[in-house]
Amino acid sequence: MPCFSHPKPIFQIYGQCRAFSGPIVTLKVFEDSVLVREQLETRGDGRVLVVDGGGSMRCALVGGNLVVLAQNMGWAGIVVNGCVRDVDEINGCDIGVRALASHPQKSNKKGIGEKHVPIHFAGTLIRDGEWLYADSDGILVSKTELSV
């Protein structure tokens with residue numbers, strides 16, 4: 001069962017849920033949040049959105065409005081290989097969020113990216129439909145649901 005294997009912890013913890021889990025929905029985008037919003041506008045049903053933003057530190061892919069939307073639509077959490085913004089608003093939400101850092105700049109809105117594709121970051125290959133488990137110690141991915 002792969003853990004996000006990196007020499008040091010790279011994800012910051014945001015949101016009120018320190019621990020969350022669920023089936024993964026993958027997105028691959030670069031400095032563009034249109035597909036992120038589109039996905040979060042659908043029913044989450046306890047799933048976790050995992051966004052490979054290419055590790056960009058030049059803008060935020062997820063902000064407070066999107067996290068509130070995710071919470072209201074029933075998403076369990078969001079993991080972003082990139083940045084978030086509106087940290088105080090995110091921290092007020094009853095959802096789990098992990099990201100590399102915060103950044104005040106909004107992203108582009110061109111709608112470029114891929115949905116439901118295998119993504120690879122933090123030394124881990126992540127596929128749509130696998131399960132993600134996050135807590136204060138870190139994140140792991142499993143091909144199947146674990147009994148916890």
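Visitor: Which residues is Val 67 in contact with, once its neighbours within four places in sequence are left aside?

Guide: In this predicted model, and with those sequence neighbours set aside, Val 67 is in contact with Val 62, Ile 78, Ile 90, Cys 93, Ile 95 and Val 97. As a general idea, nonpolar side chains in soluble globular proteins tend to be buried together. In this structure Val 67 belongs to the largest nonpolar core, which has 23 residues, and it stands with Val 36, Leu 40, Leu 49, Val 62 and Val 84 among those that touch the most other members.

Visitor: Which elements give two or more residues to this core?

Guide: The helices that do so are H1 (34-40) and H2 (64-72), and the strands are S2 (20-28), S3 (48-52), S4 (60-62), S5 (77-84) and S6 (96-102). Apart from this core there is a second, separate one of 17 residues, which includes Ala 76, Leu 100, Ile 126 and Leu 132.

Visitor: How many helices and strands are there in the chain, and what pattern does the chain follow along the sequence?

Guide: The chain has three helices and eleven strands, and when it is read along the sequence they follow the pattern β-β-α-β-β-α-β-α-β-β-β-β-β-β. The radius of gyration is 13 Å, close to the 15 Å that the globule rule gives for 148 residues, so the chain is as compact as a globular protein of that length. Taken along the principal axes, the C-alpha atoms fill a box of roughly 35 × 30 × 25 Å.

Visitor: How much of the chain counts as buried, and what does the accessible surface come to?

Guide: Of the 148 residues, 47% count as buried, while the accessible surface comes to about 7100 Å², with 50% of that area belonging to carbon and sulfur atoms. Contacts can also be read by sequence separation: among those in the chain with a separation of 6 or more, 73% are accounted for by residues 24 or more positions apart. As for charge, there are 15 positive and 16 negative side chains, and the centres of the two sets lie 5 Å apart.

Visitor: Where is Ala 76, the residue named in the second core?

Guide: Ala 76 is placed in the loop between H2 and S5, and because its relative accessibility is 18%, under the 20% cut-off, it counts as buried. Leaving aside neighbours within four places in sequence, Ala 76 is in contact with Phe 20, Ser 21, Gly 46, Arg 47, Val 48, Ile 95 and Gly 96. The C-alpha atoms of Ala 76 and Asp 94, which are 18 residues apart along the chain, are separated by 9.0 Å.

Visitor: Is Asp 45 buried or exposed?

Guide: Asp 45, which has its place in the loop between H1 and S3, counts as exposed at 52% relative accessibility. With neighbours within four places in sequence left aside, Asp 45 is in contact with Met 73 and Gly 74, and its C-alpha atom is separated by 11 Å from that of Gly 77, 32 residues apart along the chain.

Visitor: What do sequence separation and distance in space show for Lys 115 and Leu 27?

Guide: These two residues are 88 residues apart in sequence, and their C-alpha atoms are 4.7 Å apart in space. Lys 115 lies in strand S7 (residues 114-115) and counts as partly exposed, at 37% relative accessibility. Its contacts, leaving aside neighbours within four places in sequence, are with Thr 26, Leu 27, Leu 35, Glu 38 and Gln 39. For another pair that includes Leu 27, Thr 124 and Leu 27 are 97 residues apart in sequence and 15 Å apart in space, C-alpha to C-alpha. Thr 124 is found in strand S9 and counts as buried, at 2% relative accessibility.

Visitor: What is the phi of Asp 86, and what is that of Ala 122?

Guide: Phi of Asp 86 is near 60 degrees, a positive value in a residue other than glycine, and Ala 122, which is not a glycine either, has a positive phi of about 50 degrees. Asp 86 is placed in the loop between S5 and helix H3 (87-91), and Ala 122 in the loop between strand S8 (119-121) and strand S9 (124-126).

Note on methods. Residues numbered from 1 in each chain as written. Predicted model: local features only at pLDDT ≥ 70, side-chain atom pairs only at ≥ 80, totals over all residues. Heavy atoms only, no water. Core = buried A, V, L, I, M, F, W, Y, C linked by side-chain atoms within 4.5 Å. Buried < 20%, exposed > 50% of the residue type's maximum accessible area, 1.4 Å probe, protein only. Helix = DSSP H or I, 4+ residues; strand = E, 2+ residues; numbered from the N terminus. Contact = heavy atoms within 4.5 Å. Rg over C-alpha atoms; globule rule 2.2 N^0.38 Å. Areas by Shrake-Rupley, 256 points an atom, 1.4 Å probe, with all protein chains shown as cover. Lys, Arg positive; Asp, Glu negative; His and termini not counted. Charge placed at Lys NZ, Arg CZ, Asp CG, Glu CD.
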